[in-house]
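Okay, everyone, thanks for coming.

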Amino acid sequence: MPDGLWWLPSLLVVAVAAAGLVGAGVALRRSGARRERAALAEGSVAEVRAKGLIVRADNAVRDAERELAYAEAQFGENEVRSMRAALDSARGWMREAFVLQQRLDDAEADTAAERRTWTARIEGLCTSVIGALDEAEGALASRRRVERGAHAELPALRAQAERLARRRAEAESMLGRLSTRFAPSALATARAAATRVDSVLTEVGVALDDAESRLARADPAADGVGFASDGLERAARDLDEIDAMELSLAAAQAEASDEAAALDRELVAARRERDVHEEPGAAEALGAAIGEGSAALAGRAELVGDPFAARDRLRACRDRLEVARAAARNAQGRLDGARGALGGAIAIAESQLRVARAAIDRGGHAVGADARTRLAEAERQLMIAHQEPDPVAALDAARRATSRANDAEALALYRAR
């Protein structure tokens, strides 16, 4: 090998080593990515389980809220403090669980370790909710059973079950009549309540038969009687909800008409504001809200069978239109405020420029390039302020011109010393 190429073997060794390191790094990254994908796949089962627990826990909270209101009316506020505390804790746990579930549902990818941690936390929170509410409701059930005598209550419960069965038949007749005028979606909550009543009455019948047999054998029957009493109370509340459905539908129809009239008034005002608005972005957002509201009014006929959905859609459109109008007014206010302040800001900038020029002139050759550069930039910003059609941008330019002129004066005075 010629003496001038003595370094070539060393260079080849270094190149081979570098290539090996790069290949190892790539392989390591690919291996890590495979392990991460595998871990995410393994965690999906736990995430599905956690979602099921969220549904159970949220239903438990909703049931407990209804139970608390009834128990407070039955026993008084002091007797339900423990259940209220349990419900407050459960609500806090559910808020945290929903936040974590939202993180899991977000589009951004999360690491498998983060997802496992969040999923485990959701499961723990939901389990705590279910356990705390079960314990609180069990205490209420015991409280009710203490106040009731199984022997004395059984005949009254039989009579109550029969009365509720007759009410259930009347409710079915009413729902059938309403179904000729309203869509199934409008009656969904009432139908769900009717299904719950049917289930409860069946379970209560079994419980009362069992309690009667136990009493005949002198066996303990308080649990069965208490279960039947609680079930009949729930069934009565559901039947009250069904009975109120016709009035609720009529109220929703009236509210939908009121919302339509209010939305129409909002649309008229919004169109006037859009036509004179100077800020393109705000005008475009307002136009989009106007289009959505107009479509909602035009499509009322599609939801005539479900006044609840019609009312809610119109209300949501009106809320969004109000937000868009407020944003447009704020944008217009910024323009008007900037336009009002612009003349004064330009006058201040021009005055400060004269002061800065005079300072540089007095300093003569002693004044360096930095002061002269600041003065030139101030003059450029003032020109922008005069020419810019957007008053907000023009105001910003005028204020920058004043600031640069201040800097130029200070530098000129400093260099002239």
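So, H7 and H9: which way do they run relative to each other, parallel or antiparallel? Their axes cross at roughly 25°, and anything under 35 degrees counts as roughly parallel, so that is what we call H7 and H9. Keep in mind that this is a predicted model. To place the two for you, H7 is residues 245-276 and H9 is residues 307-363. The axes come within 8 Å, and the crossing of H7 and H9 is left-handed. If you sort the residues in that contact by class, you get 17 nonpolar, 10 charged and 3 polar.

Next, H8, which covers residues 280-298. H8 packs on H9 with the axes 9 Å apart, at an angle of about 160°. That angle is over 145 degrees, so H8 is roughly antiparallel to H9. The handedness here is left-handed. Who is touching whom? On the H8 side you'll find, among others, Ala-282, Ala-285, Leu-286, Ala-289 and Ile-290, and H9 brings residues including Arg-313, Leu-314, Cys-317, Arg-320 and Leu-321. By class, the contact of H8 with H9 splits into 14 nonpolar, 4 charged and 1 polar.

The crossing of H9 and H10 is left-handed. From H9, the contact uses Ile-346, Ala-349, Glu-350, Leu-353, Ala-356, Arg-357 and Ile-360. From H10, the partners include Leu-375, Ala-378, Leu-382 and His-386. The tally for the contact of H9 with H10 is 10 nonpolar, 4 charged and 1 polar.

How many aromatic pairs does the structure hold? The count is 0. There is a ring with a charge on it, though: the charged end of Arg-237 sits over the ring of Tyr-70, 4.5 Å from the ring centre.

Technical notes
Residues numbered from 1 in each chain as written. Predicted model: local features only at pLDDT ≥ 70, side-chain atom pairs only at ≥ 80, totals over all residues. Heavy atoms only, no water. Phe/Tyr/Trp six-rings, centres within 6.5 Å; stacked < 30°, edge-to-face > 60°. Lys NZ or Arg CZ within 6 Å of the ring centre and 35° of its normal. Axes fitted to C-alpha atoms, helices over the stretch in contact; angles between N-to-C directions. Helix = DSSP H or I, 4+ residues; strand = E, 2+ residues; numbered from the N terminus. Left-handed = near helix turned anticlockwise from the far one by under 90°. Contact = heavy atoms within 4.5 Å. Nonpolar A, V, L, I, M, F, W, Y, C, P; charged D, E, K, R; others polar. Parallel < 35°, antiparallel > 145°, perpendicular 65-115°, else oblique.
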